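Please look at the structure below with an eye to its labels.

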Amino acid sequence: MPWCARVPPHPEVAPMPAVTLNRQVLAGLSSAVHVPRYDLGAVRPGVVHLGLGNFHRAHMARYTHDLMARRSDALRWGILGAGLLPGDRRMQEALAPQDGLYTLVERSGAAEEVTVIGALAGVIFAGDASAELLRAIDDPAIRIVSLTVTEHGYCLDRATKQLDADHPAIRHDLADPEAPRSAIGILVETYRRRRDAGLPAFTALTCDNIQHNGDVLRDAVLDLAERRDPALADWIRAEAAFPNTMVDRITPVTREAQAAELRARYGIEDRWPVFAESFRQWVIEDRFVAGRPEWEEVGAQFVADVAPYEFMKLRLLNGSHLAVAALGRLAGYHTIDQSMADPAIRALMVALMDRETGPTLPQVPGIDIALYKRTLVERFANTAIEDTVERVNTDAPVNVLVDPLRDRLRADGGIGLLALALAAWFRRIRGEDEEGRPIEIRHPLAATLRERAVAGGPDPAPLLAVRPLFGELGEDPRLRQAVGRWLASLYAVGCRETLRRARQEEGF
């Protein structure tokens, strides 16, 4: 497509006064900026998205934007973005004055593409109250409600992956179901309103990094619905759909310096631009109850069973990401690419995929696993992204290490590298680096984890006893011994020396 032509990573653009992004200024933007080639005034909401953050705007919204440019009937699939948390007020404050427009900058080591995305049909702040959001989903034109709320937003028991009925948000939604706060409560209430109004159900489309994410979402919704009204649960079970998906695109948190660079180089004053890698992937089970956009025309892949693809991504990408980020943080690196420039960390990632996480994979139709792994190494080493180790350490759930550990132990396989990665996670969760400087720990169990880490020090037993994270696996003496070996080394000699010893002892 002509509006996706590549330009050099730092093109020579004539200096020009910065203009605040909105519909009126599009025609006057630099020719190096790709702007929507479809009628923005004709975009109508067909999707409501819960959790409008950087990833969604770089991924699903980008696919939808591309489809709108390709075919006019896609304009009915505009996205109403909703923020559910009090801190999401910034979303509305940034995007509403920009008519829902924002700039997406896609970077690799050799190219930069700058695009104004026009797929948003509006934004809703629901961090204080959900009434406006509920009314928006009542519209029969809304046929998909999608989510990127991270695993924390599903209010799950971390050990069972089932709805946690004692979660504060779920307790609230059971006590006051018509004014829900959680994403699960919002879905249940909007399904209830649809049923009572005689309207058809919508498809709930999760785009979060959770294995079997659609199944997990469905089970959580049905659990909460059963607690409210078993007949409602029966209706949802019969009428709604919850496809599994696999999503992939490295999308860091936007830094002010990047917004300033966009302003200086391209003359765009954007309150909330997005910067992402060039790579993107989306695999979706083709199970929708009220129609869907033809996303396959712009690169999405529809399949009967997404499980092999999501399993591959969680094991190889997400597991490697957390291993690199945890070790990189302890070694003193700020970004993932800096961590990958360390030969020991790079070699560990390759060996981890080849020896421990890769062997747990089933066959993945149409995927060259060796090429996929090489591509991951290149993506992590991409110096143009500047993805921070803290973002990965915060966003990646530890189960991306725990689940392959469980499988390897069940098969009586080696776990030396996974154990090292988990030991690094344990050392970091203490909340201070090797020089005693504080590390901010953002996790629902942060206080408990830090208390256990401090109490245990080089002994992993207190942390492995946190059952919501480790369940019965934490009692396995093989895991305790393997993690304890590396954790003791991290405390005694530090990360860099531990990595040197690991290379020698593990042979990578």
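Q: What makes strand 8 and strand 9 a pair, and in which sense do they run?
A: In this predicted model, strand 8 and strand 9 (residues 203-206) run parallel and are joined by 4 bridges. Two strands pair if DSSP finds at least two bridges between them, so the 4 bridges meet the requirement. Within this pairing, isoleucine 144 stands opposite threonine 203 in strand 9.

Q: How do you know that strand 3 pairs with strand 8?
A: Strand 3 (residues 45-50) and strand 8 share 4 bridges in the parallel sense, and because at least two are required, they count as a pair. Here histidine 49 stands opposite serine 146 in strand 8.

Q: Which residues of strand 8 point which way, and are they buried or exposed?
A: From strand 8 (residues 144-147), Ile144 and Ser146 point one way while Val145 and Leu147 point the other way, and all are buried.

Q: Why is the pair of tyrosine 63 and tryptophan 282 called tilted?
A: The search of the whole structure finds 8 aromatic pairs. For tyrosine 63 and tryptophan 282, the ring centres are 5.2 Å apart and the planes 55° apart; because the centres must lie within 6.5 Å, and because planes under 30 degrees apart count as stacked and over 60 as edge-to-face, this pair falls into the remaining class, tilted.

Q: What makes this pair a tie between separate parts of the chain?
A: Tyrosine 63 lies in helix 2 (residues 60-70) and tryptophan 282 in strand 13 (residues 281-285), so the pair ties together parts that are 219 residues apart in sequence.

Q: How do you know whether tyrosine 63 is buried or exposed?
A: Its relative accessible area is 1%, and because buried means under 20%, tyrosine 63 is buried. Tryptophan 282, also at 1% relative accessibility, counts as buried by the cut-off of 20%.

Q: Why is the pair of phenylalanine 288 and phenylalanine 302 called edge-to-face?
A: Their rings are 6.2 Å apart centre to centre, with 65° between the planes; the distance is within 6.5 Å and the angle over 60 degrees, so the pair is edge-to-face. Phenylalanine 288 lies in the loop between strand 13 and strand 14 (301-303), and phenylalanine 302 lies in strand 14, 14 residues apart. Phenylalanine 288 and phenylalanine 302 are buried.

Q: Which residues touch the most other members of the largest nonpolar core?
A: The largest nonpolar core has 79 residues, of which Leu422, Trp425 and Phe426 touch the most other members. Helix 10 (residues 307-330) gives the most to this core, with 13 residues, and the core draws at least three residues from each of domain 1 (19-304) and domain 2 (307-506).

Conventions: Residues are numbered from 1 along each chain as its sequence is written. This is a predicted model: local features need pLDDT of at least 70, side-chain atom pairs count only at pLDDT 80 or more; totals for chains, interfaces and linings use all residues. Side-chain values use heavy atoms; hydrogens and water are left out. Rings of Phe, Tyr and Trp (its six-membered ring) pair if their centres lie within 6.5 Å; planes under 30 degrees apart count as stacked, over 60 as edge-to-face and the rest as tilted. Buried means under 20% relative accessible area, exposed over 50%, partly exposed in between (1.4 Å probe, protein chains only). A nonpolar core is a set of buried Ala, Val, Leu, Ile, Met, Phe, Trp, Tyr and Cys residues joined through side-chain atoms within 4.5 Å. Domain bounds come from an automatic or database domain assignment.
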